[in-house]
Amino acid sequence: MRGIFRPCFAVMLADIRSALRYPGDMLSGLSFFIMITTLVPLGLGSDQGELARIAPAMIWIAVMLASLPQMDRLFTRHAKDGVLEQMLVSPAPMAMLMLARILAAWVIIILPLVLAAPILGLMFGLPVHMLAGVLGFLAMGGLCLVLIGAMAAALSLGSRQSGIFTAIIVLPLSMPVLIFGVAGISAIQTDHAMAGDSTGALIGASTGHIMLLGALTLVLLVLSPPVTAAAIRFSEE
Amino acid sequence: MVMSHFFNMGGYAFYIWSSWIIGMAILIAITWHSFSHARSARNELDALEHPKQQRDSDA
Amino acid sequence: MLMFDYLANPTRFRKITTAIFPVAVLVSAIALTFGLYLAFFASPADYQQGDTVRIMYIHVPAAWMAMMCYLLMALSAVFYLVWRHPLADIGARAMALPGAGFALITLLTGSFWGRPMWGTWWVWDARLTSMLILFFLYLGYMALADGFERAERGSKPASLLLLVGVINLPIIKFSVDWWNTLHQGSSVLRLDGPSIDPAMLKPLLIMALAMLGWFIAITILRMNTLIIRRRITNLESRKSWS
């Protein structure tokens with residue numbers, strides 16, 4: 001077993017380390033995320049009730065849009081310098097290596113956004129006791145987004161305009177993530193309204209949503225790494 | 001009278017005729033696209049397989 | 001599988017399809033004539049929808065075809081990825097544009113039906129949204145299949161995308177259904193409410209037959225075109241080598 005996991009950890013660490021070497025890339029996604037969430041209230045008006053109502057949807061859409069350009073580039077550099085080829089010929093199963101890359105991508109692309117989300121949530125008038133729930137939903141839904149994005153990036157690897165294709169492929173597939181994610185955060189809001197006090201972040205209706213999102217995450221965890229691996233193999237043939 | 005009644009479609013003429021015309025237009029457009037591509041592909045293949053004839057027809 | 005092996009021979013494929021093609025065209029033409037007559041003359045106006053029910057005779061068959069076509073493409077993708085037969089890939093590619101056309105027809109005619117019946121051109125109803133996503137999946141497939149310098153390079157990723165789409169479609173459908181119940185209030189009136197009158201079912205089925213015939217004929221035509229295109233690229237590459 002250790003024989004399988006060691007190269008995976010190595011891939012993950014290498015990815016994260018190389019991302020940390022160029023923090024500008026990470027910051028570009030973050031700044032895009034902040035920009036979207038800043039522009040919306042400026043366009044919509046500063047009504048606190050209205051902003052709190054649309055906050056879940058807004059944060060989700062901002063996460064999706066901000067992560068999309070970075071997912072495009074998930075494999076391009078390594079396709080050029082031959083790392084993917086090396087991975088294919090290595091004895092470790094490709095799907096596992098891809099899973100490691102996806103988890104690393106989650107750390108690099110999604111985690112900064114998830115960490116920034118509570119601050120933006122506060123600016124949108126979300127109550128403090130909701131923030132833990134928001135973090136949980138974003139972290140899990142963000143994993144779904146990376147799983148989908150990796151598939152799309154691998155499928156369109158080497159095509160003429162991979163950016164557009166990734167977007168066309170990602171958007172329909174990530175719709176359930178958006179629906180469950182937004183509904184989940186909204187449900188936390190109503191749960192708190194129902195309970196009246198601020199005890200417990202995830203009770204009532206939101207539990208159902210987090211389970212649905214969890215089910216979706218599991219499906220994608222099984223589906224995405226082999227599909228990504230197969231698509232990479234096609235691109236290197 | 002009867003004709004105009006028919007075309008009026010109980011007051012929904014615009015919606016009903018628009019949807020049928022658009023639907024048929026899409027089908028016809030795809031048909032035309034498929035036939036024109038089929039023709040151009042066949043011509044190109046002919047030109048490759050019988051290069052001489054092609055030159056004759058060009059002249 | 002057996003059928004595929006049998007059809008695998010290109011000359012045999014050509015022979016069979018040239019035999020089927022005129023039959024499909026004829027069936028389609030006759031069914032269309034008959035269907036138009038039934039749809040506009042020999043069927044009553046609905047007591048609730050009035051004459052707008054006549055939009056259904058193009059809308060519903062197109063929706064059936066759009067879904068069937070996607071399933072057929074996904075099936076071809078399985079054949080292609082498992083048995084690596086180029087004909088399966090050619091079939092999926094040939095079906096993509098007609099399928100996208102059916103999805104588009106469904107969306108547009110549905111819009112023209114929704115305007116007088118629901119009072120809006122578009123509602124974010126579960127069915128409408130699923131059809132829109134299906135249309136996007138068609139576009140994504142076509143973009144990916146034709147998105148590479150070398151035409152055949154797109155075949156495998158695009159087939160894989162079809163399979164991912166087929167796994168995702170039920171999830172999308174479920175999520176949208178579920179989302180729709182959360183945002184109640186849009187879909188008050190639906191076709192599947194009252195049981196359908198046989199006088200209305202008949203034009204529906206006949207129009208579906210007309211579209212099926214058209215679809216088969218167009219698919220055959222497009223498949224043959226793609227086969228010719230592959231031969232052209234083969235000949236050209238051979239020429240550049242010699």
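Contact is taken here to mean heavy atoms within 4.5 Å, and in this predicted model the contact between chain A and chain C takes 28 residues from chain A and 30 residues from chain C. The size of an interface is often given as the accessible area lost when the parts come together. For chain A and chain C this buried area is about 2500 Å², with 80% of it on carbon and sulfur atoms. On the chain A side, the residues that lose the most area to chain C are L155(A), R160(A) and F234(A), which together account for 24% of what that side buries.

Across the interface of chain A and chain C, 0 salt bridges are found, and the polar contacts there comprise 3 residue pairs, with both residues of each pair at pLDDT 80 or more. The side of chain A that touches chain C draws at least two residues from each of the helices α7 (131–155), α8, α9 (175–195) and α10 (205–236) of chain A. Of the elements of chain A, α10(A) gives the most to this side, with 10 residues. By class, the residues of chain A that touch chain C divide into 21 nonpolar, 5 polar and 2 charged.

The interface of chain C with chain B was examined in the same terms. Here 39 residues of chain C are in contact with 30 residues of chain B, and the two chains bury about 3100 Å² between them, 80% of it on carbon and sulfur atoms.

Side chains of opposite charge can pair when their charged atoms come close. Across the interface of chain C and chain B, 2 salt bridges are found, whereas the count over all chains comes to 7 salt bridges. R231(C) forms a salt bridge with E49(B), in which the closest N and O atoms are 2.6 Å apart. A salt bridge also joins the side chains of R229(C) and E44(B), at 3.2 Å from N to O; this pair crosses between chains, from helix α7 of chain C, which holds R229(C), to helix α2 (residues 13–49) of chain B, which holds E44(B).

Polar contacts between chain C and chain B number 6 residue pairs, both residues being at pLDDT 80 or more. The side of chain C that touches chain B receives at least two residues from each of α2 (10–40), α3 (53–83), α4 (86–118) and α7 (198–241) of chain C, and α7(C) gives the most to this side, with 13 residues. The residues of chain C that touch chain B divide by class into 26 nonpolar, 5 polar and 8 charged.

Rolling a probe the size of a water molecule over the atoms shows where empty space is left. The structure holds 2 cavities of 30 Å³ or more, and about 50 Å³ of space lies in the largest cavity. The lining of the largest cavity consists of M64(A), L65(A), S67(A), L68(A), M71(A), L145(A), V170(A), L171(A) and S174(A). Helices α3 (48–72) and α8 (162–173) of chain A each supply at least two residues of this lining, with α3(A) giving the most, 5 residues. By class, the lining of the largest cavity has 7 nonpolar and 2 polar residues, and no charged residues.

How values were computed. Residues numbered from 1 in each chain as written. Chains lettered and ligands numbered in written order. Predicted model: local features only at pLDDT ≥ 70, side-chain atom pairs only at ≥ 80, totals over all residues. Heavy atoms only, no water. Buried area = accessible area lost by both parts, 1.4 Å probe. Salt bridge = Lys/Arg side-chain N within 4 Å of Asp/Glu carboxyl O. Polar contact = N/O pair within 3.5 Å; in protein donor to acceptor, adjacent residues only side chain to side chain. Helix = DSSP H or I, 4+ residues; strand = E, 2+ residues; numbered from the N terminus. Nonpolar A, V, L, I, M, F, W, Y, C, P; charged D, E, K, R; others polar. 1 Å grid on protein atoms, 1.4 Å probe; cavity = no way out; pocket = protein on both sides within 12 Å on 5 of 7 lines; lining within 4 Å. Points joined across faces, edges and corners; volume = space filled by probe spheres on them.
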